[in-house]
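Biologist: Please put the model up. I would like to go through it by question and answer.

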Amino acid sequence: GSAAFFALAMARHLRIFAAARPFGPGLFADIPARTLGLIRYAFVQTKMFKDRRAGLMHFGIFWGFVLLTVGTANAVTGGIIQTVLSIPFDGLIWAAISAMQNVVAVGVLGAILWAFERRLISRPERLTYSRDGLLILAMIGGLVAAEFFAQVFEIAAFSDVPGAFIASFLAAPLRGLDHGLLAAAF
């Protein structure tokens, strides 16, 4: 149902795009400059760095969330990505990805807390208060925390995940708890 709703909503937008006529340079005009603009504004997000602190926070949340998508995709596929990436170099690639994801997850959670602090406590003048912004932060933080703590409970209940050194550290004191409880939490 949601896929059908999305398709219908997108069809409306695509009809509007098809009816619009381009203004300015053609589609293939100045491709190098347009590519540089894509990299500068979409990937590096240079406009965010007018306020360096906020820019770093947004950069960390955005790219951290993108990098953590590998773990989400692995969970959705039932571990297929982990299995494939564990084949070469005797699992070293997946261990490096797990270590990177642990560091990034903690970094994203810290950036989310910092964003809440800016929106609710320090409130810089140019920052507008919005429930939508708080909701988005909460959903990103919830997803990252759920994925990270699922790994903590997985390690506590079943076995170590190579490279997941932060999750392993947090799982160590939980290992004495009931296995069924840990498995349910996972």
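Modeller: A term is needed before we start: a nonpolar core is a set of buried Ala, Val, Leu, Ile, Met, Phe, Trp, Tyr and Cys residues joined through side-chain atoms within 4.5 Å. Buried means under 20% relative accessible area, exposed over 50%, and partly exposed in between, with a 1.4 Å probe and protein chains only. The model is predicted, so local features need pLDDT of at least 70 and side-chain atom pairs count only at pLDDT 80 or more, while totals for chains, interfaces and linings use all residues. Residues are numbered from 1 along each chain as its sequence is written, and side-chain values use heavy atoms, with hydrogens and water left out.

Biologist: Which residues touch the most other members of the largest nonpolar core?

Modeller: In soluble globular proteins, nonpolar side chains tend to be buried together. The largest nonpolar core here has 26 residues. The ones touching the most other members are Ile61 and Val144.

Biologist: Which helix gives the most to this core?

Modeller: Helices are DSSP runs (H or I, at least four residues), numbered from the N terminus. Two or more core residues come from each of helix 3 (52-76), helix 5 (92-122), helix 6 (131-157) and helix 7 (165-171). With nine residues, the one that gives the most is helix 5.

Biologist: Which residues is isoleucine 61 in contact with, leaving aside its neighbours within four places in sequence?

Modeller: Contact means heavy atoms within 4.5 Å. Leaving those neighbours aside, the partners of isoleucine 61 are Val108, Ala111, Ile112, Ala115, Leu137 and Ile140.

Biologist: Is glutamine 151 buried or exposed?

Modeller: Glutamine 151 is found in helix 6, and its side chain has a polar contact of 2.7 Å with the side chain of asparagine 102. A polar contact is a pair of N or O atoms within 3.5 Å; within protein, one must be able to donate a hydrogen and the other to accept it, and residues adjacent in sequence count only if both atoms are side-chain atoms. Its relative accessibility is 15%, so glutamine 151 counts as buried.

Biologist: Which backbone oxygen does the side chain of serine 168 reach?

Modeller: Serine 168 is found in helix 7. Not counting residues up to four places away in sequence, serine 168 touches Ile155, Asp160 and Val161. At 2.9 Å, its side chain reaches the backbone oxygen of alanine 164.

Biologist: How many residues apart in sequence are the parts tied together by arginine 175 and aspartate 160?

Modeller: A salt bridge is a side-chain nitrogen of Lys or Arg within 4 Å of a carboxyl oxygen of Asp or Glu. The structure holds one salt bridge, and the side chains of arginine 175 and aspartate 160 meet in a salt bridge at 2.5 Å, N to O. Arginine 175 lies in the loop between helix 7 and helix 8 (179-185) and aspartate 160 in the loop between helix 6 and helix 7, so the pair ties together parts whose separation in sequence is 15 residues.

Biologist: What separates the C-alpha atoms of phenylalanine 165 and methionine 100?

Modeller: The place of phenylalanine 165 is in helix 7. Leaving aside neighbours within four places in sequence, phenylalanine 165 is in contact with Ala99, Asn102 and Val103. Phenylalanine 165 and methionine 100 are 65 residues apart along the chain, and their C-alpha atoms are separated by 9.7 Å.
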